[in-house]
Amino acid sequence: MVVLTSFPPPDEGVRLTEDNVEAFIFNKNLGVGSLYIAESRVSWKCSESGEGFSLEYPAIAIHAVSRDTANFPKQCLFLMVEGDLGADEREEEEEDAEDEGEATSTVRFVPADDKRLEYMFQAMSTCQSLHPDPDQSPDEGDDYYGAVESEEQAGDGDAGADGEVSEQTQNNGHTDNTAEEAMDTGRYNDAE
């Protein structure tokens, strides 16, 4: 369940402040307020009650502009957040999705002027990039074909007694024997 509390809006590293933004947790409308996209967190504060919530970037799994009004009646900045922000607000299909893995929640921010969505998205992207996933290595995602075999598993790449590795190289996680094969087939012989 989302706990709305009174708090001062962020005052450091604010990249974007957007007034007249509706906030939704799952499909529950929390009201109209101000959205603060800061370098440290995303905060929303209700204009009427003065209460709001903050989300830390490491908990935000996905953010995107959603223009699909078939799934939600308004264009919005869509966030998928790790953790259960409101069990009683969940839709049935979201409950089914939770059964498959970790609990996630959806948060939607709907500005009064949908032309502001791109600015909101860009500010979120900039700030999110300041908080890389600590569980993801910098090279993760670069290896299109899957995990790299360790040299012990590769067989031909075993280290010798002096610590040298055979003439096998690793390119983007893939074993490359083309130099050795080329020497065997004579493709790169010197012209005489």
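Q: Where does Gly 52 sit?
A: Gly 52 sits in strand β5, residues 51–56. Strands here are DSSP runs of E with at least two residues, helices are runs of H or I with at least four, and both are numbered from the N terminus.

Q: What kind of model is this, and how are its residues numbered?
A: It's a predicted model, where local features need pLDDT of at least 70, side-chain atom pairs count only at pLDDT 80 or more, and totals for chains, interfaces and linings use all residues. Residues are numbered from 1 along each chain as its sequence is written, and side-chain values use heavy atoms, with hydrogens and water left out.

Q: How many helices and strands are there, and in what order do they run?
A: The protein has four helices and ten strands. Starting at the N terminus, the order is β-β-β-β-β-β-β-α-β-α-α-β-β-α.

Q: Is Gly 52 buried or exposed, and how do you know?
A: Buried means under 20% relative accessible area, exposed means over 50%, and partly exposed is in between (1.4 Å probe, protein chains only). Gly 52 comes out at 0%, so it's buried.

Q: What makes Arg 108 buried rather than exposed?
A: Arg 108, in strand β8, has a relative accessible area of 10%, so it counts as buried. Across the whole protein, buried residues make up 30% of the 192.

Q: Why is the contact between Arg 15 and Glu 39 called a salt bridge?
A: The rule asks for a side-chain nitrogen of Lys or Arg within 4 Å of a carboxyl oxygen of Asp or Glu. Arg 15 and Glu 39 have an N to O distance of 2.9 Å, so the pair passes. Arg 15 is in strand β2 (14–25) and Glu 39 in the loop between β3 (28–38) and β4 (41–46), so the bridge ties together parts 24 residues apart in sequence. Both partners are partly exposed: Arg 15 at 43% and Glu 39 at 30%.

Q: What parts does the salt bridge between Glu 18 and Arg 116 tie together?
A: These two side chains meet at 3.0 Å, N to O. Glu 18 belongs to strand β2 and Arg 116 to the loop between β8 and α2 (117–129), so the linked parts are 98 residues apart in sequence. Glu 18 is buried at 10%, while Arg 116 is partly exposed at 25%.

Q: How do you know that Glu 118 and Arg 67 form a salt bridge?
A: Their closest N and O atoms are 3.6 Å apart, so the pair meets the rule. Glu 118 lies in helix α2 and Arg 67 in the loop between β6 (60–66) and β7 (76–82), so parts 51 residues apart in sequence are tied together. By the rule, the salt bridges in the protein come to four.

Q: What is noted about the phi of Asn 20 and of Phe 26?
A: Neither residue is a glycine, yet phi is positive: near 60° for Asn 20 and about 55° for Phe 26. Asn 20 lies in strand β2 and is partly exposed at 48%. Phe 26 is in the loop between β2 and β3 and, at 1%, is buried.
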